[in-house]
Amino acid sequence: MTDRYAPTAYAADRAADLMDAPRRTGAAAPAEPPRDAEAAVPEYLRDTYTWAYLSRFGTRFFDKPLVVSTILWGNARRLIRSVAAEMKPGWRVLQPACVYGDFSLRVADAVGPDGRLDVCDIAPIQVALTRRKLAGVRQASVRREDAAAPGKGPYDAVACFFLLHEVPEEYKRAIVDNMLAAVHDGGTVVFVDYHRPVGWHPLKPIMSVVFDRLEPFAKALWANEIRDYASAPDAFTWEKTTYFGGLYQKVVARRLG
Ligand SMILES: C[S@@+](CC[C@H](N)C(=O)[O-])C[C@H]1O[C@@H](n2cnc3c(N)ncnc32)[C@H](O)[C@@H]1O
């Protein structure tokens, strides 16, 4: 991992706690997190995605199922259902990054009250938002954690939804390896993300411009298989399903053993 994109200090945990004002209590969240909070998120996230994930505007505008569905061209429900279908009641599941809309609620429903869903995110504002969203869901908890940091698990499953296309290549490799390392023998790792659409896809030119302008790390998933980011792929079985003319993919890796 290069220095430029190396994860920095975790002072922002404090910010997430300060911002964690559960709706039920009616407590007011501070208008803005302390200034050191956003400084602790990786540079690629600040440089590229402040508008989407770190700004008040972004969190207010995007965190709605209808907006998520529009961004995914009407495929959100189908893709979320396809992840939930891989989960079993009672499972312990890691979700390595927050997702706008009701993704975490659907996964929490799938594991049920006897399961556990650990949602993590590197951005304090996202941790605070998701804690509020999952308040009252007893099997779910949210914490600040870098998906690229090792030492997770063991879990029965991982649900990694549209994270890889947003991170630089060295982060993709670290995240894929860490997600795979987080499950025990027989465990399941699900990645849902962008994929190279078929040549005739009417949205291909539009998505190409969107990626070139706004999402510079995404097109790598048009060229590379997710499996190829793993340093020990042979320890898993791999199954890839594509959706919507190939624009999206679900890759399920199951640890042998
Ligand atoms: C899962 S991705 C995108 C999901 C999807 N586009 C949506 O609708 O929300 C977005 C999240 O990834 C988080 N993120 C980015 N890099 C991360 C990292 N290294 N570790 C953990 N979370 C990360 C961002 O803070 C953001 O909340």
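The ligand is surrounded by 22 residues, the closest of which are Ala-97, Tyr-100, Ile-122, Ala-123 and Ala-147, a residue being near a molecule if its C-beta atom, placed from the backbone, lies within 6 Å of it. The structure is a predicted model, in which local features need pLDDT of at least 70 and side-chain atom pairs count only at pLDDT 80 or more, while totals for chains, interfaces and linings use all residues. Residues are numbered from 1 along each chain as its sequence is written. The shell around the ligand consists of 18 nonpolar residues, one polar and three charged, where Ala, Val, Leu, Ile, Met, Phe, Trp, Tyr, Cys and Pro count as nonpolar, Asp, Glu, Lys and Arg as charged, and the others, Gly among them, as polar. At least two residues of this shell come from each of α3 (43–54) and β2 (116–121).

The protein has 11 helices and seven strands, which are DSSP runs (H or I, at least four residues, for helices; E, at least two, for strands) numbered from the N terminus.

Several loops hold backbone features. In the loop between β3 (140–144) and β4 (155–161) lies Pro-154, which is joined to Gly-153 by a cis peptide bond with an omega of about 10 degrees. Phe-162, in the loop between β4 and α9 (169–181), has a positive phi of about 55 degrees although it is not a glycine. Phe-162 is buried, because 21 other C-beta atoms lie within 10 Å, the cut-offs being 20 or more for buried, 12 or fewer for exposed and partly exposed in between, with C-beta atoms placed from the backbone.
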